[in-house]
Amino acid sequence: MKLLHLDSSILGDNSASRTISAAIVERLTTADPAIEVEYRDLVADPVDHLTIGSFMALAEGEELKQFLEADIVVIGAGFYNFTIPSQLKAWIDRITVKGHTFSYNENGPVGLATGKRVIVALARGGVYNAGSPRAGFEHAETLLRGVFGLIGCEVEVIVAEGIAMGDEARRVAVEGALDQAKRIAPEAVGEAA
């Protein structure tokens with residue numbers, strides 16, 4: 001089984017999403033030491049943004065190949081200006097490729113990346129959960145669920161929010177997310193518990 005681990009926070013060692021994504025990978029690899037992990041830091045090793053030339057060659061890209069070979073994808077994502085980091089968006093642009101991860105039929109888009117598990121560790125400075133006054137400004141979790149759902153993946157999201165609302169709020173949010181990471185089901189998509 002192959003696991004692709006991506007981090008996209010610009011905060012380095014101070015990143016809550018990096019801490020949580022690492023805990024998710026640790027949980028999964030402890031449960032199954034045979035998992036092969038490939039890691040990419042999208043800040044230290046960024047993907048170029050699309051141009052017309054790169055758009056025409058997406059099907060031959062290394063990012064698409066890595067994604068398609070992975071059974072599990074773990075993504076650490078910060079929340080900047082109400083959405084995901086641009087580094088992560090550039091990577092997503094490289095893996096949403098018609099004919100490879102989705103197609104169209106008479107009813108609309110059809111996901112081709114089925115059987116793939118995507119687990120997102122999302123860190124938000126404020127509180128944007130459903131029912132909060134700022135819920136309408138949350139465009140990271142909704143984008144990631146939408147894109148990966150469209151291409152056929154099973155999506156799980158662990159959120160630490162309120163991390164910029166003081167040291168205690170950060171501690172509580174990160175500890176809560178780390179507790180969720182410790183309890184994440186180690187089974188792959190479609191496997192029985």
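The structure is a predicted model, in which local features need pLDDT of at least 70, side-chain atom pairs count only at pLDDT 80 or more, and totals for chains, interfaces and linings use all residues. Residues are numbered from 1 along each chain as its sequence is written, and side-chain values use heavy atoms, without hydrogens or water. Over residues 1–182 the chain is 36% helix and 23% strand; helices (H or I, at least four residues) and strands (E, at least two) are DSSP runs, numbered from the N terminus.

**Sheet**
- Five strands make an open, parallel sheet in the order S2-S1-S3-S6-S7, where pairing requires at least two DSSP bridges between two strands.
- S2 and S7 are the edge strands, each with a single partner, so one side of each has no neighbour in the sheet.
- Strand S1 (residues 2–7) pairs with S2 over six bridges, and His5 stands opposite Tyr39 in S2.

**Helix H6**
- The buried residues (under 20% relative accessible area, 1.4 Å probe, protein chains only) of H6 are Ala173, Val174, Ala177 and Ala181.
- Seen down the axis of H6, its buried residues fall within an arc of 90 degrees, so they line one face of the helix; the arc is taken from the directions from the helix axis to the C-beta atoms.
- These buried residues pack against helix H1 (16–31) and strand S7 (154–161), with contact meaning heavy atoms within 4.5 Å.

**Loop residue Thr51**
- Thr51 lies in the loop between strand S2 (36–41) and helix H2 (52–56).
- The C-alpha atoms of Thr51 and Ala160 are separated by 34 Å.

Terms used: Buried means under 20% relative accessible area, exposed over 50%, partly exposed in between (1.4 Å probe, protein chains only).
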